[in-house]
Amino acid sequence: MKAVRFTEWKTKPSLREVPKPKPAPGEVLLKVAGAGACHSDVAVYEQFDESTVGAQLAPEYTLGHETAGWIEEVGEGVLGLTKGDAYLVYGPIGCGHCAACSRGQDTYCENAAKTPFLASGLGKDGGMAEYMTVPARNLVPLGDADPVAAAPLADAGLTPYHAIKLALPKLQGGGKTALVIGLGGLGQIAVQILKATTAATVIATDMKPEAMELAAQRGAVTVEGGEGQADRIRELTEGKGVDAVFDFVGLTPTISLAQKVVAKQGRITVVGIAGGPVSWDFYSNPYEAELTNTYWGTIEELHELAALYRAGSIEVDVTRFSLDDALEAYEHLENGTLLGRAVVVPHLDDATAASLGALAGRLPAGV
């Protein structure tokens, strides 16, 4: 079968032929419906090496940690799952027996240093392939919902959902405000999650007009960047400041913006992994304002998010690519020429694959 393989540090992935996997006891074989291309993948093959992230992400393996698909085969001991049913894949894989893993919080596994990989697609073969194997406990049902468009929910949806859920105490009650900084794939989903789960006024900001327009269509009050940006945001809160800020960029200027607009006793969550350093002292933040970060989410939260998706409360902006064009999908991701998520669809008829390939070749900057 074909798969997109990460083969060497600081080397772009390649499309290769590999054996079709077989499910081990406790696993299922999934026929992949769609696999999202994520900036974390780009960091893995462009920026990291073993000295920075250790052996858990060392090549070689198949990329793709945002995956959905249909059950093709079940391994020994797996009960209650039916061939052909659609599922979303919870990517993180911890030890399975520590306190964090028992809560479904594999991202914070207490034995992470001893595990051989971090997640499906991050150290373990992922979903950028025709088939993949998955621990049965890591499957989240999708019912009749489209599994191709659902694939990015495994990270681009779960990550903002987790961050928002932790900040909900700041958004309870009337007159609350939330700010979303950065309206790419995660930010657009964050706007929808906030609208679906809170009564807060959602403010959104980005440098791209088309991203701002899309967020406005989803109910956000948009504020353009540039001079006076912080003042305009504070005006929308009648000078009080924003109760919960979500920064999906993570650069020093965006974190600085969050610090300027957050309310007393508010919360800033840095979700973006740009790695910008932040300055903090007693006077730099309003009193008792929290500054924190998050990483991915729990499998319980992915079940909750999938329920919102099945109910039609959330839609995902995707551009579909055939598996043969998967490397082009990563190029568009690197160049920032997509609004939303690139999703690779391995199983296509020839006509559909050809049309997607032609589309990929025509995509202009800023689409």
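Asp 247 lies in strand E14, which spans residues 242–247 (strands are DSSP runs of E with at least two residues, helices runs of H or I with at least four, both numbered from the N terminus). The residue is buried yet has no salt bridge; buried denotes under 20% relative accessible area, exposed over 50%, and partly exposed the range in between, with a 1.4 Å probe and protein chains only. A salt bridge requires a side-chain nitrogen of Lys or Arg within 4 Å of a carboxyl oxygen of Asp or Glu. This is a predicted model, in which local features need pLDDT of at least 70 and side-chain atom pairs count only at pLDDT 80 or more, while totals for chains, interfaces and linings use all residues. Residues are numbered from 1 along each chain as its sequence is written, and side-chain values use heavy atoms, with hydrogens and water left out.

**Surroundings of Asp 247**
- The nearest side chain of opposite charge to Asp 247 is Lys 260, 12 Å away.
- Neighbours within four places in sequence aside, Asp 247 is in contact (heavy atoms within 4.5 Å) with Ile 181, Thr 254, Ile 255, Thr 269, Val 270, Val 271 and Gly 272.

**Salt bridges**
- The whole structure holds 15 salt bridges.
- Arg 5 pairs with Asp 125, with the closest N and O atoms 3.0 Å apart; this pair links strand E1 (residues 2–6) to the loop between strands E8 (123–124) and E9 (131–135), 120 residues apart.
- Arg 5 counts as buried at 10% relative accessibility, whereas Asp 125 is partly exposed at 37%.
- Arg 5 and Asp 125 are linked with Glu 60 in a network of salt bridges.
- Glu 66 forms a salt bridge with Arg 341, the closest N and O atoms being 2.7 Å apart; the partners lie 275 residues apart, in strand E5 (residues 66–74) and strand E18 (residues 341–345) respectively.
- Glu 66 is buried, with a relative accessible area of 0%, and Arg 341 is buried at 6%.
- Arg 267 bridges to Glu 290, with 2.9 Å between the closest N and O atoms; strand E15 (residues 262–270) contains Arg 267 and strand E16 (residues 290–293) contains Glu 290.

**Overall fold**
- The chain has 12 helices and 18 strands.
- Of its 367 residues, 54% count as buried.
- Among contacts between residues at least 6 apart in sequence, 71% join residues at least 24 apart.
- The C-alpha atoms fill a box of roughly 60 × 50 × 45 Å along the principal axes.

Methods: Lys and Arg count as positive and Asp and Glu as negative; His and the chain ends are not counted.
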